[in-house]
Amino acid sequence: MTPAQKLKLYKEKYGITLKKGLSQSFLADPAVLSRVAGALNIKKGECVVEVGAGAGFLTEHLLNAGARVIAIEVDETMVEVLRNELGENPGLDVVNADILAVDLGGLLDRHGVKTCAVAGNLPYHITTPTVFHLLDARARVSRMALMVQLEVGERMAARPGGKEYGALSLGVAYGCVCERLFTVGPGAFIPPPQVKSAVMRLVPVPPL
């Protein structure tokens, strides 16, 4: 069953309604999902924190790659979907929370994990604060593969002197080595957004 078919089923089964306030747009292209998960080069048993797990399409790819996934999702309906549809997988723990309110270090401590990788299709309305929140916890993060709006990705990777360079560029450059891996068109999402997206890989450098 494709992600699009699953989403249709979940709408009927759980009464899913897209919440504009949460910037919900589901990445549903299997090839893109595979590339995002592959960008982390996951080792079997490695912990991956997924930000905004939604209907679990990326979650499945991460689990299939051998990860232990801590899936963070703020929408209670999506949490029900994740727990009912994927909850039997022993490698998955679903956390109903706002990523901006999550103490990542404390979360990893409770799971007995020293470090983690991070993946996610970041909600557009909280992308910048989420990136800074993850940077604050970079001592516990080995690497990140984040889907963001293309314009934001350009600012993240911008160098001094360019028109895109600003506070986000400076913060990312201070805390990470950042690169844009590939761009993604609106057709990879349900519903399609009106902007292109980019997958960014960030490798944190130790805090001074």
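S3, helix H4 (residues 76–86) and S4 form a right-handed β-α-β unit. Right-handed means that, with the strands pointing away from the viewer, the path from the first strand over the helix to the second runs clockwise. Helices (H or I, at least four residues) and strands (E, at least two) are DSSP runs, numbered from the N terminus. This is a predicted model, in which local features need pLDDT of at least 70 and side-chain atom pairs count only at pLDDT 80 or more, while totals for chains, interfaces and linings use all residues. Residues are numbered from 1 along each chain as its sequence is written, and side-chain values use heavy atoms, with hydrogens and water left out.

**The β-α-β unit**

- Strand S3 (residues 68–73) pairs with strand S4 (residues 92–96) in the parallel sense, over five bridges. Two strands pair if DSSP finds at least two bridges between them.
- Isoleucine 72 stands opposite valine 95 in S4.
- Glycine 87 sits in the loop between H4 and S4. Its relative accessibility is 38%, so glycine 87 counts as partly exposed. The cut-offs are under 20% relative accessible area for buried, over 50% for exposed, and partly exposed in between (1.4 Å probe, protein chains only).
- Beyond its neighbours within four places in sequence, glycine 87 is in contact (heavy atoms within 4.5 Å) with Leu82 and Leu92.

**Helix H1**

- H1 has 12 residues and reaches 15 Å from its first C-alpha to its last, close to the 16 Å expected at 1.5 Å a residue. The expected span is 1.5 Å times one less than the number of residues.
- Pro3, Lys6, Leu7, Tyr10 and Tyr14 are buried in H1. They cover an arc of only 100 degrees around the axis, which puts them on the same side of H1. The arc is that of the directions from the helix axis to the C-beta atoms.
- An α-helix has 3.6 residues a turn, so residues three or four places apart point the same way.
- On the other side of H1, Lys8 and Glu12 are exposed.
- The cover over the buried residues of H1 includes S1, helix H2 (30–38), helix H3 (57–64), H4 and strand S8 (189–190).
- Glycine 15 follows H1 and has a positive phi, near 65 degrees.

**Helix H6**

- Thr127, Thr130, Val131, Leu134 and Leu135 are buried in helix H6 (residues 127–136). Their arc around the axis is only 140 degrees, which puts them on the same side of H6.

**Strand S9 and its partners**

- Six of the eight residues of strand S9 (residues 197–204) are buried, so S9 is largely enclosed by the rest of the structure.
- Strand S6 (residues 141–149) pairs with S9 in the antiparallel sense over six bridges. Methionine 147 has valine 199 in S9 as its bridge partner.
- Strand S7 (residues 176–184) also pairs with S9 in the antiparallel sense, over eight bridges. Arginine 180 has methionine 200 in S9 as its bridge partner.

**Serine 25 and proline 191**

- Serine 25 lies in the loop between H1 (3–14) and strand S1 (26–27). It counts as buried because its relative accessibility is 17%.
- The side chain of serine 25 reaches the backbone oxygen of proline 191 at 2.6 Å.
- Proline 191 is in the loop between S8 and S9. A cis peptide bond joins isoleucine 190 to proline 191, with omega about -10 degrees.

**Asparagine 41**

- Most residues other than glycine have a negative phi, and most peptide bonds are trans.
- Asparagine 41 has a positive phi, near 50 degrees.

How values were computed: Polar contact = N/O pair within 3.5 Å; in protein donor to acceptor, adjacent residues only side chain to side chain.
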